[in-house]
Every structure is written in C-alpha cells, then in structure tokens.
Amino acid sequence: MTARTLSFFLLTFSLLSMPVVAQDTLQISFDAFLSKAKQSSGQLKLQKQDVELAENRVDLAQAQRILPNLSFDTQHGLVPGVESNRDDLSENEYYLDPNLENNWENWAVYTKFELSAVQPIFTWGAINKAIDAAKLGAEAARYKYDADQANYEMRLFELYYSYVLALEIERLLNEAQEKIDQIERQITKMQEEGNESLDESDVFKFEIYKSEFEIQKAEVFENMGFVRETWNYVLRDDEGTVYEPEVRFLDPISMELESIDFYQEAAFNNRPELKALEVGEEATRTYISSLKKQNLPGLYLAGFFNFAHTPNRPRQSNPFIINNTNKLSGGAGFTIRQKLNFFSIKANLERSRIELKKADYAQDAAEDGIMLEVNNTYRQASVAAVKVEQTDEALVTSKRWVRQEQLDYDFGMGEVKDLIDAMKKELELKLKQKERIFEFNSSLAKLNKVSGIPLTTLISN
C-alpha cells in the first residue's frame with residue numbers, strides 16, 4: 001500500500017529518471033526547491049513563449065502608428081548605351097528619334113533607388129484600439145502562464161513532500177526491523193531451551209510476517225532511490241549536487257480550514273484562469289471595435305522618391321518623357337483609403353462576434369467548473385483532517401496494546417501471535433498516519449491552488 005501511494009505521486013510528473021554522479025549533498029527548503037525546479041523546467045520555458053509571442057503582437061500593433069508601410073528598393077545591372085544617326089538632336093532630345101538604337105559597344109552600370117512611405121493621419125482610432133486589444137491579449141497570456149505555474153507548483157509540492165514521506169517510512173521500517181530482530185532472538189532462545197509454550201504455528205506466522213516485511217521494505221527502498229533520482233532530474237544540477245529536503249519529519253500543516261464560502265470567493269477573485277478568460281473576452285470586444293473602425297475611410301500621408309543613374313544613358317529634358325535608367329523624381333500627398341470588400345468585412349465581423357460569445361460561455365463554464373472543484377477539494381480536505389485525527393487516536397491505543405503484549409510476553413504470560421498482531425497493527429497505523437498526514441497536507445495545498453492562493457503562504461504558516 002505504501003509503495004503504491006509513493007508511486008502514484010511520483011508518476012504524476014511523468015519524468016524519466018537518469019543517473020546522477022553525486023559530488024555533494026545539500027538540504028534544500030521547499031521555497032528554494034520550488035524556485036530551482038521552475039528555473040530549470042522545460043515545460044514552463046515552453047509555455048513562457050506564449051507570453052513572449054503575445055507581447056510581440058503588442059509591438060507589432062504599436063509599430064502601425066509610425067510609417068507602417070516603408071520600403072526601400074535598389075536595382076543594379078549592366079546596360080548598353082544608345083546612339084542616334086541624327087545630327088540635329090542633342091542627347092537630351094533622343095526621345096524625338098524614332099530610330100534610336102542600342103550601342104552594344106558602350107556598356108555602363110545601371111543603379112536605381114526607390115523609396116516609398118505611408119503614414120496614417122486619421123483612422124478613427126483603429127490603430128489605438130488594435131494596440132489595446134493586443135495589450136489585453138498579452139495580459140491574458142500572462143494569466144494563462146500563471147495558471148500553468150500554479151499547476152506545476154502543485155506537482156512540485158507533492159514531489160517535495162513525497163521525499164519527506166519516504167524518509168519517514170524508511171525510519172519506521174528500521175524501527176520495526178529492530179523489534180522483529182528482538183522477537184526472532186526470543187523465539188530462537190525458546191526453541192533452544194525447548195520451551196513447550198512456544199507454538200509452532202506462531203513460529204510459521206512469524207516467518208511469513210518476516211517475508212512480507214522484507215518485500216515491503218525492498219519496495220520502499222527502491223522507491224526512495226527513484227525519488228532521489230527524480231529530484232536530481234527535476235533540479236538539473238550541472239555540478240552533480242544531490243539534494244535532500246530540509247524538512248525531515250512529516251507533520252500536519254498547522255492551519256484551520258476556513259468556511260467553504262471563503263475559498264469560493266477567493267477562487268473567483270484570484271484564479272488566473274478566470275482572469276485570463278475575463279481579459280480575453282475584453283480583448284475580443286476591443287478587437288471588434290478596432291475592426292469596425294478599420295472599415296471606415298482613413299486619411300494617410302504618402303510619399304515616394306525615385307532615383308536612377310546610368311552614365312551612358314542621357315536624361316531626357318521633356319517632363320512627360322521618363323528615362324527609367326536615368327531619372328530623379330519624387331512627391332508626397334494625402335490619400336484616402338476605403339475597404340470595399342463588404343462581404344469579407346461582414347464575415348470577419350461575424351466571426352469575431354462568435355468568438356466573443358464563445359469567450360463569454362467559456363467564462364461561465366470555467367466558473368461552474370471552479371465552483372465544483374473548490375467544493376470537492378474542500379470535502380477532501382475536511383475528510384483528510386478527520387482521518388489524521390482518528391488515526392492519531394488509534395495509534396495511541398495500538399502503542400498501549402504493544403506495550404501490554406510485550407510485558408506479557410517478557411513475563412511468559414503472552415503468546416508470540418498476540419505480540420506479532422499488536423506489532424503489525426502498530427506499524428500499519430504508523431504508516432497510515434504518515435500517509436494520511438501527506439494526504440491532508442496535499443489536500444490543503446490543492447485547496448489553496450484551486451482557490452488561487454499561493455502555496456508559499458501555506459508553507460510559511
């Protein structure tokens with residue numbers, strides 16, 4: 001039962017263990033463990049990219065304010081010259097010669113530069129609305145990342161204290177081993193003395209108990225090795241340092257449960273998932289406003305500058321004649337832009353409205369799910385608290401039972417079977433006590449998590 005419990009908490013991480021060459025062993029607090037594990041987490045680094053992409057979209061939206069369309073183009077090549085057979089035309093009047101020919105013996109380098117720019121002047125606030133929508137989207141992404149961190153921190157909590165639980169169970173098994181060795185020495189002595197009060201069936205039961213105990217001990221030790229390797233993998237220490245929990249004993253968290261209304265209200269106010277949905281809905285609403293304004297006529301300032309130069313191609317003097325290989329021109333002016341693809345505009349707006357409804361329904365569904373989650377977790381924490389209390393009382397009784405059977409056995413009035421039964425029940429209750437303390441602490445941590453309360457506040461208390 002103990003081995004299955006440990007395996008359950010460890011497998012939730014779905015992490016591959018890897019060998020570690022130990023150079024040093026350090027004890028680490030939960031806060032330090034949490035910080036170090038999060039820094040080396042590839043999962044969180046991956047999810048962090050969604051935040052950076054959302055922030056990049058804010059930069060892109062803000063870039064639309066100043067010269068959103070600015071381009072510079074150059075062209076280069078070899079071009080033959082031109083020649084005319086008419087002596088009455090100067091070079092800047094070659095456009096008047098219909099028989100102008102290329103001079104294939106005269107080559108020169110052709111160079112051309114083109115610069116164009118468009119600057120929004122008045123867009124009915126469409127750009128500002130687009131920026132606001134992008135900022136809200138980035139805020140929603142950060143809340144989503146906070147939710148991912150909270151889930152990961154909960155798994156780290158269970159991993160950290162599963163190590164403490166393993167240490168506790170290891171100590172309990174060592175303590176039980178001492179008692180088993182003591183009983184075995186007494187049985188051996190009675191057999192050597194030929195004590196008729198020793199029943200062979202009790203000896204057989206004791207041997208079976210020993211075998212079962214060895215199996216349980218082997219499972220716990222194997223799990224302890226797996227916990228250590230998992231820890232070192234999660235912490236990813238390049239120097240090969242082996243870490244152990246600073247907490248050596250598993251005690252119930254000293255915190256009284258508040259009323260369920262407290263946790264429900266805290267969840268609605270603090271859960272990052274809800275905040276992400278709320279901000280996401282507002283971002284969609286702002287984006288729809290931006291789309292509507294983008295479909296209105298906008299006033300822009302546009303300009304261009306063209307320059308081309310080829311030494312063997314003369315520039316023509318007629319302003320209506322343009323020599324593309326040798327020219328200088330430019331201009332600026334105001335322009336009005338109006339989108340006329342009305343069917344696409346309508347479909348795009350309708351899609352955004354559907355997304356807004358979807359965001360609203362998602363928020364309602366999330367609130368319902370969180371309410372059920374808080375209620376169920378609160379119930380589990382309440383039951384776990386009762387289990388810890390009742391197990392403590394049962395353990396006190398079992399300890400009195402063991403002392404009584406031990407005294408009876410030492411005075412020759414008791415039987416080995418009764419002593420073994422008392423020892424088995426005491427060990428079983430000790431193991432259950434630690435497991436139920438772990439269950440209680442985990443349920444409190446989960447209650448904090450589903451209520452949007454940081455785990456660090458739970459540990460500090």
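Visitor: Is Phe-30 buried, partly exposed or exposed?

Guide: Start with the cut-offs: buried means under 20% relative accessible area, exposed over 50%, and partly exposed in between (1.4 Å probe, protein chains only). Phe-30 has a relative accessibility of 3%, so Phe-30 counts as buried. This is a predicted model: local features need pLDDT of at least 70, side-chain atom pairs count only at pLDDT 80 or more, and totals for chains, interfaces and linings use all residues. Residues are numbered from 1 along each chain as its sequence is written, and side-chain values use heavy atoms, with hydrogens and water left out.

Visitor: Where does Phe-30 lie, and which residues does Phe-30 touch, not counting residues up to four places away in sequence?

Guide: Helices are DSSP runs of H or I with at least four residues, strands are runs of E with at least two, and both are numbered from the N terminus. Phe-30 lies in helix α2. Contact means heavy atoms within 4.5 Å. Leaving out residues up to four places away in sequence, Phe-30 touches Leu-156, Phe-157, Tyr-160, Tyr-161 and Ile-459. Now a distance: Phe-30 and Met-190 are 160 residues apart along the chain, and their C-alpha atoms are separated by 50 Å.

Visitor: In the largest nonpolar core, which residues touch the most other members?

Guide: A nonpolar core is a set of buried Ala, Val, Leu, Ile, Met, Phe, Trp, Tyr and Cys residues joined through side-chain atoms within 4.5 Å. The largest one here has 75 residues, and Phe-33, Phe-157, Tyr-161 and Trp-231 touch the most other members. Elements giving two or more residues to this core include α2 (30-39), α3 (42-62), α4 (126-193) and α5 (200-235). The most comes from α4, with 26 residues. Take Phe-33: not counting residues up to four places away in sequence, Phe-33 touches Ile-28, Leu-156, Leu-159, Tyr-160, Trp-231 and Leu-235. Another core, of five residues, lies apart from the largest one; among its members are Leu-291, Ile-345, Leu-349 and Leu-356.

Visitor: At what angle do the axes of α4 and α7 cross?

Guide: Two packed helices are described by the angle between their axes and the distance between the axes. Axes are lines fitted to C-alpha atoms, for helices over the stretch in contact, and angles run from 0 to 180 degrees between N-to-C directions. Under 35 degrees counts as roughly parallel, over 145 as roughly antiparallel, 65 to 115 as roughly perpendicular, and the rest as oblique. The axes of α4 and α7 (residues 272-294) cross at roughly 165° and come within 8 Å. The two helices are therefore roughly antiparallel to each other.

Visitor: How do α3 and α4 run relative to each other, parallel or antiparallel?

Guide: Their axes come within 8 Å and cross at roughly 170°. So α3 and α4 are roughly antiparallel.

Visitor: Which strand holds Lys-112, and is Lys-112 buried or exposed?

Guide: Lys-112 is in strand β3 (residues 101-122). Its relative accessible area is 10%, so Lys-112 is buried. Beyond four places in sequence, Lys-112 touches Asp-73, Thr-74, Gln-75, Phe-307, Ala-308 and Lys-327.

Visitor: What about Asn-102: which residues does Asn-102 touch, not counting residues up to four places away in sequence?

Guide: Asn-102 also lies in strand β3. At 34% relative accessibility, Asn-102 counts as partly exposed. With the sequence neighbours up to four places away left out, Asn-102 touches Pro-80, Gly-81, Val-82, Glu-83 and Arg-313. Asn-102 and Val-82 are 20 residues apart in sequence and 4.4 Å apart in space, C-alpha to C-alpha.
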